[in-house]
Number of protein chains: 2
Amino acid sequence: MLRVPMGVKLLSFDFDEIAGIINARSLAIVGASGAPMKFGSFYTSAQLQMEFDGPLYLVNPHEKEIMGRKVYPDLKSLPETPDVVALTIPAHRSIEMLRDCAELGVKGVIMIASGFREIGSKGIALEKEALELAREGGFRIVGPNCFGIYNPRNRMTVLPGYDFSKSPGRIAFISQSGGYSVHVARQAQSLGLGFSAVVSYGNAADLNETDFLRYFTLDGHTDIIAGYLEGVMDGDGFPQALAEASAVKPVVLWKVGRSESSRRAVASHTGSMAGSSEIWEGLIRQHEVIPASGVDEMVDILLALEHFGRRPGRRLLMASGGGGIGTYAGDIAEAEGLSVPPLEGECLERMRVILSRAGAVAGNPLDIGAPLIPLPEFEGAMREAASNHSTDILVFDLAINFGHDLAGEPGLDLVGDILIRIRRETGKPLAVVLYSRSFDPDKLVVERILRRMRSKLLEQGIPVYPSIPRALRAIARVNI
Amino acid sequence: MLRVPMGVKLLSFDFDEIAGIINARSLAIVGASGAPMKFGSFYTSAQLQMEFDGPLYLVNPHEKEIMGRKVYPDLKSLPETPDVVALTIPAHRSIEMLRDCAELGVKGVIMIASGFREIGSKGIALEKEALELAREGGFRIVGPNCFGIYNPRNRMTVLPGYDFSKSPGRIAFISQSGGYSVHVARQAQSLGLGFSAVVSYGNAADLNETDFLRYFTLDGHTDIIAGYLEGVMDGDGFPQALAEASAVKPVVLWKVGRSESSRRAVASHTGSMAGSSEIWEGLIRQHEVIPASGVDEMVDILLALEHFGRRPGRRLLMASGGGGIGTYAGDIAEAEGLSVPPLEGECLERMRVILSRAGAVAGNPLDIGAPLIPLPEFEGAMREAASNHSTDILVFDLAINFGHDLAGEPGLDLVGDILIRIRRETGKPLAVVLYSRSFDPDKLVVERILRRMRSKLLEQGIPVYPSIPRALRAIARVNI
């Protein structure tokens, strides 16, 4: 039902084949270029900036030197057979290159160009021919119509991932969209999240979602598997692979194609069939997959998984300086299936003593009275809140803008230090909300302070969200 | 049912009384202070920076001069009776000042301090006493437990609105929360939205939500009424006032207190009773009020109202450079009750000719092929899209980050110019999505460019959103 047949049979899953491509020790870029605004140029430049950990061969019959590097006229002139060949040449010129790949015996080919199945009959024929050459030559294809692979361990990078982190993390992201593979990876890494790998696989002519899902299920470098899917090539194998994956690792899936117009877009984007929404929703529920929709939500969920893990608990202690935030947070929490239970007993009594000032309201939500209160009181209240056993997660709205008005950056820094100390000493999961007050082009002061504070908190295991709804939705999702 | 009785009867609505307060020609601040970290100091400093358009009297028996201004020991020493007195003194000291106000015959008193009804029986008694003095003295109260009034026409400003715009706009925002009155106003003004007035009215001991709603319904300076409500004081009058307001102006309401914990917070914040969710939802539906939840959503909706007006249509043309955005947008659109109808007939044919390149997909969603394509092609495609009569609004995802990689700021500027020209020449409602790729503290370059581009587009009538879901939700809401 979920399957899109191509007329060439799927191969059974082979971990080592995929490992050989993702961890390629040598790489050739066919269509390497120094000409600005060409895919070959972005790709070459990104790989050079990322400093690929192994021989990197540039291939182009019309160039002698690119960015100071020797260029080979064709694959057969290379001093060795590269593990992986990245083709950054137009679709119609790919087939002859694939013949060389077959003859040389490469392990894998990443086909970047569009112009295959997604454009209709002519492209379908071309894609089938490519796949037959792969079967004959014994190599595997990633793509076509994709951005390829980013792996920080061997420093392979997808177009245009020149600025991706060189440090590996524990998240694998598989994406049928090239754009979103880059978009998610960039936003995530700027929030301190690291990847074991990012794979943009486009049309999935050969290696598909199910192969990569199985691979990252077994991959020892990966703790969290996230995916953006348009359709599924291996409709028979996917449900089982999903069951196996989510049995051992958190799986987050952003599946598009519910609506009629999305289905049209999916067909023209990667030539996929989106599949039945009911089947998808059933699969996601059955295997306790975390559903995501959009880049922001995906990154929010990954942040919660990274810092809180799976199912950290649904009972929140909501704290802020000002009553309005609490009135609102409870509504959002309840709508998301979280709870904000009342503060009771001795904990409430102690909190009342700590916050015995006009304007503060000891309870849950907890209103400390003003965005910034004297630091000893603040530390006392936060410590009491973090020690509360009837809640699982403490969420603090830091109101950095008001704080900046009141105490400037040094004052805010002390607040951050207190939060970090409490997180470390109590072990209580803590999320902080930092929002930007102003979007003026000429007022970047608070934005800069906000980003510094965010980095500092993230480094110390405190996830930071731009709003109460985004924080609470992410917490709700990892509790599914 | 929605009512919270105070034991002192509500007065019938009087437009001129409220106008006399909001448009006060003279203002006294009791509790004015030069001491840092005191409410009186923030309030004084904000009013001075805003340059109140009339006599501004500072009152404090313990000071002779504050921020270079003469200080009076008490209200009776002032050279004239001020229209409005703002009390920035603790609750227990307010009553004696209200006696002076009653004797002098002021028009209105803004009571900032908390410590009234929201703290229980002692505060309830104090609030009742204040209200009785107001009735005796013939003045009206705004508050207590509020931030007060911002009116750019007479340059009155709420705490801490020192940086609010001096230029009036057409939105009135009434807010039971002081914090949110400031938060919404700041975010909105940094996106080019202007206010006729912002009123933070807190406990609503005297003038309440219904009075202000009626006032802004009649107010000639106001085209859009927005509100943050915790409860309703005038349960009998409010439904009628809401019916009258939404019959003549768009009304956006953010009502909190659906959940149990929000109700607790509402009670301790402004001593309000949140009222039945079912009654609220019924009222909002019946009177075609636009519901909002949270600061971001409120500002997004106001932006759509400002640039598109009410009910601009639900049929979207979604355009971007890259297939992934279209696959996703359709799902969001459908979930929000919007549509992305197929591009058909001659329009489709013309678009195919304009975008006759590999990678571009003529249709709806429209994939121009890459984040930036040659400018004549881009202008042609956007002009064709804007001229399409089977859609109401064109939404373009500008992918400013990729654009910056490809063309730098000058290239992006040309893209912005094309969008502005097309908006102006075709009159087609156009929304642009600009998102930030990176949140690194040391990478503010793209953020700065993004903000400049946003300001430029906003000035030319093009609303800008930070994501597809936020753009589409706002468009859906103004179509309610």
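In which loop of chain A is P144(A) found?

Analyst: This is a predicted model: local features need pLDDT of at least 70, side-chain atom pairs count only at pLDDT 80 or more, and totals for chains, interfaces and linings use all residues. Residues are numbered from 1 along each chain as written, chains are lettered from A and ligands numbered from 1 in written order, and side-chain values use heavy atoms, without hydrogens or water.

P144(A) sits in the loop between β7 and β8 of chain A. Strand β7 covers residues 140–142, and β8 covers 148–150. (Strands are DSSP runs of E, at least two residues; helices are H or I runs, at least four; both are numbered from the N terminus.) The peptide bond between G143(A) and P144(A) is cis. Its omega is about -5 degrees.

N145(A) belongs to the loop between β7 and β8 as well. Its phi is near 65 degrees. That is a positive value, and N145(A) is not a glycine. So what does this stretch show? A cis bond joins G143(A) to P144(A), and N145(A) has positive phi.

Follow chain A past β8. The loop between β8 and β9 holds P160(A). Strand β9 runs over 171–175. L159(A) and P160(A) are joined by a cis peptide bond too, with omega near -15 degrees.

Helix α10(B) spans residues 295–308, and helix α16(B) spans 468–478. They pack at about 65 degrees, with axes 9 Å apart. (Axes are lines fitted to C-alpha atoms over the stretch in contact; angles run from 0 to 180 degrees between N-to-C directions.) From α10(B), the contact uses D296(B), E297(B), D300(B), I301(B), A304(B), L305(B) and F308(B). From α16(B) come R470(B), A474(B), I475(B), R477(B) and V478(B). (Contact means heavy atoms within 4.5 Å.)
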